[in-house]
Amino acid sequence: MSELRDEIPSFEKRTTADHGPIDWTGLTSIRGARSTMEVGSIIALFALVFFGLELILRWTNTPTYVFPKPIAVVRTLANEFTAVYAHHLWVTMYEFLAGYAIGSAVGLLLAALITQKPFAEKVIAPYVLIMVTTPMIAFVPFLRLKMGFGSWPLIIAVALAAGPMVMINSATGFRRTDLAKIALARSYGASTFQIFRKIRFPLALPMIIVGFMVGSIFGLLTAVGGEMVAASESGGLGERLVYYSSLARMDEFGAVILIIAALGVSIYVLFYFVGKRWASWEA
Amino acid sequence: MEPKLRIEGASKIYATKSGAVHALEDFSLDVHEGELVCILGPSGCGKTTLLWALSGLHALSSGRILLDGTPVVGPRPKEIGMIFQDANLLPWRNLRQNIEFPFEIKKRPVDGQRIDALLGETGLRDFVGSMPRELSGGMQQRASIVRALAQNPGVLLMDEPFGALDAFTRDEMNLLLMRLWSESGQTIVFVTHNISEAIFLADRVVVMTPRPGRLARVYEIDLPRPRTVEMMFESGFIELVQDMKRVVETGGRDLLEVE
């Protein structure tokens, strides 16, 4: 009885979970508020920031070309959204979504393939690292020069920015091997493909989701930044930022910033729910 | 009578960075149909190596294993069920999905009736929707037993299944295992490093030496069945524990001198 532990068997739910390398608590902390008190505080703080800023700008007689007033920005956004901004939002979204879809699909596929062969991984790793660390915005003017004024240069830049991020994180996920779980599947006669589908992929999924999330942030950054450097002839949110700031039209500038912020937050919230649904077993 | 499982001169050598490691050396044993054999030995004596070879998960360096007279060269999912150290449930599936996992792998329809009966017997019926991390260690291991038994294997290989459980839960699990076994009559090879657990469960206890793992001695256990926890406190039981402890410690080398 050397194994005797000073622990009484109980059927209480275990609180200690096996924490993987991912910490989702940062995401879960923005979970919906629980009481009217909390909802009230959140609204009160927002009102304080929004109207406080408005009041300070009025009292100090700050001209609009120095800093736009929040109310005027919201009014501009509401009045001109369908006429002006919807088009540019669509242009940016199109470049982002197309590039992101291509980049993340290729990144995920490469990660799944390359982790099967440790040697191939070693050979390719430095190039992936270079792609992750080099800002892909830098290639936009070059791609513009080669490919003209369509959407493709930006789509390619977004794919090049998002893909390696998805790949590097997914590869970390696919590298997690749990021999006992693979042995379990094999003992029931699982094929290599079944082991991949039922063991390796679910085990990697939390890291894959992290990769998609980081990739989406880099992709949006590259889409907007790329438009600021060299937009297509259709414009885009980044192109508008440069245009309005060069003319000191700060109300419109502020409206575009709000749209970009809303876009970023939407992506974040989307991935929060994806993570909660598919990766919550790990947190 | 032909044995259910026959192990003939099994040896396994692992190639590691620091050289060859003899995990198992010339191990031979016959296990009969419906028998519960415990393999007892200290950590690193090749018990798990032996069990993984029995299940066809890895090959032997020399020797062979026969199941129903045919050599085991790979997994035999129809005949063998495996129960692992700690429950080895898949953490992204709830309890029911974990139990149905082998059916998915085998592409067979889920035997809901059999699963429900086993869930009832193991007291897990109310927890089928729970995720593994929400369950206690004992409940997790009960779920893994249900997962294996739902396949109705003729042979059950158990690799220190209750090693991570506390002593109270361990007794409970041992009684549960014996009850399930008395109803279905599988052939069980049960690996453990706990002496009283081995005696309590087994028809025969096979004591192994420390590395390289060799057979030190085989004990026939003639305790009547059904067995109770109280039997563990009887003097005969305690003497047997002490005797086995000596054999484990000396690796069985001084047996001749002692006798």
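Visitor: How many helices and strands does chain B have?
Guide: The model is predicted. In it, the secondary structure of chain B comprises eight helices and 10 strands.

Visitor: What is the radius of gyration of chain B, and what does the globule rule give for 259 residues?
Guide: The C-alpha atoms of chain B occupy a box of roughly 55 × 45 × 40 Å along the principal axes. Chain B is as compact as a globular protein of its length, because its radius of gyration is close to the value from the globule rule for 259 residues. The radius is 18 Å, and the rule gives 18 Å.

Visitor: How much area do chain A and chain B bury between them?
Guide: The contact draws 30 residues from chain A and 42 residues from chain B. Carbon and sulfur atoms account for 62% of the buried area, which totals about 3300 Å².

Visitor: Which residues form the salt bridge across the interface of chain A and chain B?
Guide: The rule finds one salt bridge across this interface. Its closest N and O atoms are 2.6 Å apart, and the partners are Glu104(B) and Lys198(A).

Visitor: Which element gives the largest share of the side of chain A that touches chain B?
Guide: The elements of chain A that give two or more residues to this side are α7 (179–187) and α8 (192–230). The largest share, seven residues, comes from α7(A).

Definitions and conventions
Residues numbered from 1 in each chain as written. Chains lettered and ligands numbered in written order. Predicted model: local features only at pLDDT ≥ 70, side-chain atom pairs only at ≥ 80, totals over all residues. Heavy atoms only, no water. Contact = heavy atoms within 4.5 Å. Buried area = accessible area lost by both parts, 1.4 Å probe. Salt bridge = Lys/Arg side-chain N within 4 Å of Asp/Glu carboxyl O. Helix = DSSP H or I, 4+ residues; strand = E, 2+ residues; numbered from the N terminus. Rg over C-alpha atoms; globule rule 2.2 N^0.38 Å.
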